[in-house]
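Me: I would like to go through some labels used for this model. Please set each one against its definition.

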Amino acid sequence: MKNLFIALSFITFFHCSKSANSHEVKTNLIEIQDDKVDASVVFEVPPSPKEVPISGISAKAVNTEPKSSPLQSNTIIVKKVIKNGDLDIQVGDIKKAHQQVNEIIKSYNAYIQTERFNNTDIDERQFFTIRVPHKNFDGLINSFSNGMGSILSKNIASDDVTEEYTDVSIKLANKKIYLEKYRDMLRNAKTTKDMLEIQENIRELEDEIDVAEGRLRFIDDRVNYSTLNLMLYKEKVRSSATSKIGFGNRFGDSFTEGWNSFIAFFLGIISLWPFFLLIPLVILIWKKWRNREKKE
């Protein structure tokens, strides 16, 4: 009986131990699976440059152009859209329209980047390059289109640069990681040759980072502030100016114009004098040829 009790106790202990091990295995499996899920949503960290031997290292030894890393699953991508427009308006009074433009620009928190004015015998043209906050762009266009004058042409364009902005941002982040790795390598460099080669790699990375940051700043500026090219056009009515001129003045102008045309024609003929010298020579040769034909 005692032996049977010992056997039952041993079997019970072995069963509990096996259940605990099985529970531990399942727990570890769940943790590993959770780790796999987390690993699939984080940025891909580039390999450390320390893995590359210091001796003989060059800019090509370490790939300084990492592949684009996948975005995290919880990352919200903000759309980057650049809006531009061209608007030509015919107005009755350039100065009055200019005042209206200033008032409208002020009400929409916009500003004039460049301004240019042309005045010819035919028309007057006032050109503006206006920068306006992205959210106020449509309202600004509508304000110019309503009441200022006749719309001659209107062109609105939108350019989605979200993909470019995201790609440049990811590459920039990876380049900064490489830069820190190279700086660590520089602190641990043993020879002057290694220091010079690592410093050259750092310089190239810093230049690439400056270019990428400049590109992102440019995109942000174009996204945050839209650009509108506005032209105010006024045609000059020539009939109102000529109606005040009397018949005598018109007759005098016509006579002067005719005389000037005659002088121009006469001077043009005189300019052909070398060709006139050839005419007697051509006539002489023709007569000699005719006399020879008659004798024969």
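Me: What makes the contact of Asp138 with Lys83 a salt bridge?
Reply: The term requires a side-chain nitrogen of Lys or Arg within 4 Å of a carboxyl oxygen of Asp or Glu. In this predicted model, the closest N and O atoms of Asp138 and Lys83 are 2.9 Å apart, so the pair meets the definition. Asp138 belongs to helix α3 (residues 137-145) and Lys83 to strand β1 (residues 81-90), so parts 55 residues apart in sequence are tied together. Helices (H or I, at least four residues) and strands (E, at least two) are DSSP runs, numbered from the N terminus.

Me: Why is Lys83 called buried?
Reply: Buried means under 20% relative accessible area, exposed over 50%, and partly exposed in between (1.4 Å probe, protein chains only). Lys83 has 13% relative accessibility, so the residue counts as buried. Asp138, with 43%, is therefore partly exposed.

Me: How do you know that Glu164 and Arg215 form a salt bridge?
Reply: Their N to O distance is 2.8 Å. Glu164 lies in helix α4 and Arg215 in helix α5 (residues 192-224), so the pair joins parts 51 residues apart in sequence. Glu164 is partly exposed at 31%, and Arg215 is partly exposed at 33%.

Me: What is the separation of Glu200 and Arg203 in helix α5?
Reply: They are 3 residues apart, about one helical turn. Their closest N and O atoms are 2.5 Å apart, in a salt bridge.

Me: On what basis are these values given?
Reply: Residues are numbered from 1 along each chain as its sequence is written, and side-chain values use heavy atoms, without hydrogens and water. Local features need pLDDT of at least 70, side-chain atom pairs count only at pLDDT 80 or more, and totals for chains, interfaces and linings use all residues.
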